[in-house]
Amino acid sequence: KVCSVYNERMDSSTLVSSLSMVLSDWGLVAFVFLAVGVDCMRAGVGRSIACALSFSSASVLLNLLPHTVMLESVTSRLSGVYASSLTYAVFFILSYVAIRRMTSSYGDMGGEVLSSFFSALAVTFLLLAFWVTTPALSALWMFGPFFQSVFASAYTLWWMLAGYTILAVTR
């Protein structure tokens with residue numbers, strides 16, 4: 001009888017849903033951190049630097065698109081959530097390829113453990129800062145309240161400065 005009273009009083013569905021959201025957010029962040037860290041160990045920090053710079057350039061290009069001459073009519077048709085996300089992805093890829101070609105001789109020789117760790121940390125900071133503050137990306141995956149408060153637009157400049165400073169020092 002004690003067990004039935006306990007189960008009637010405790011609503012575990014909200015606890016389970018909150019816990020699963022927190023674990024999926026942290027799992028995604030840990031996956032990005034580990035993937036970038038392993039890539040830095042294997043091939044150096046050149047790709048992580050190009051990736052970090054591509055976040056900001058893709059955001060700038062996405063914000064400039066509606067104000068661009070001869071593209072206003074195209075952007076009015078791209079008002080959907082997935083269209084904005086796809087446009088951001090295209091700008092990110094184009095920026096990455098351009099930046100990578102500009103910096104291809106730098107950072108291609110395999111990384112040290114410490115520089116790989118800090119490069120992965122910086123790219124993870126920048127990814128979270130741009131993901132949380134870019135509506136086209138937030139529509140694809142909405143991070144939980146912890147990440148939304150820590151990486152809110154009020155702190156994006158600080159996260160950018162920290163990320164780019166870390167990348168400059170790891171060079």
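Colleague: How many nonpolar, polar and charged residues does the lining of the largest cavity have?
Modeller: This is a predicted model. A cavity is a set of points on a 1 Å grid over the protein atoms alone where a 1.4 Å probe fits but cannot get out, and its lining residues have an atom within 4 Å of a point. Ala, Val, Leu, Ile, Met, Phe, Trp, Tyr, Cys and Pro count as nonpolar, Asp, Glu, Lys and Arg as charged, and the others, Gly among them, as polar. By these classes, the lining has six nonpolar, one polar and no charged residues.

Colleague: Which elements give two or more residues to the lining of the largest cavity?
Modeller: Residues are numbered from 1 along each chain as its sequence is written, and side-chain values use heavy atoms, without hydrogens and water. Local features need pLDDT of at least 70 and side-chain atom pairs count only at pLDDT 80 or more, whereas totals for chains, interfaces and linings use all residues. The cavity is lined by Leu-28, Val-29, Val-32, Thr-124, Leu-127, Leu-128 and Phe-143. With helices taken as DSSP runs (H or I, at least four residues) numbered from the N terminus, the elements giving two or more are helix 2 and helix 6.

Colleague: Which helix gives the most to the lining of the largest pocket?
Modeller: A pocket is an open set of grid points with protein on both sides within 12 Å along at least five of seven lines. The largest pocket is lined by 18 residues, including Ser-59, Leu-62 and Asn-63; the classes in the lining are eight nonpolar, 10 polar and no charged. Helix 3 (46–64), helix 5 (81–102), helix 6 (113–133) and helix 9 (156–170) each supply at least two of the lining residues. With five residues, the one that gives the most is helix 3.

Colleague: What volume does the second largest pocket have?
Modeller: Its lining holds 13 residues, with Val-32, Val-36, Cys-51, Phe-55 and Leu-127 nearest its centre. These 13 residues divide into 10 nonpolar, one polar and two charged. Grid points are joined across faces, edges and corners, and a volume is the space filled by probe spheres set on the points. For the second largest pocket this comes to about 230 Å³.

Colleague: Are helix 3 and helix 6 roughly parallel or roughly antiparallel?
Modeller: Axes are lines fitted to C-alpha atoms, for helices over the stretch in contact, and angles run from 0 to 180 degrees between N-to-C directions. Here the axes lie 9 Å apart at an angle of about 15 degrees. Angles under 35 degrees count as roughly parallel, over 145 as roughly antiparallel, 65 to 115 as roughly perpendicular and the rest as oblique. Helix 3 and helix 6 are therefore roughly parallel.

Colleague: Is the crossing of helix 6 and helix 9 left-handed or right-handed?
Modeller: Helix 6 and helix 9 pack at an angle of about 155 degrees, their axes 9 Å apart. That makes helix 6 roughly antiparallel to helix 9. The contact (heavy atoms within 4.5 Å) includes Phe-118, Phe-125 and Phe-130 of helix 6 and Trp-159, Met-160 and Tyr-164 of helix 9. A crossing is left-handed if the near helix is turned anticlockwise from the far one by less than a right angle, and right-handed if clockwise; this crossing is left-handed.
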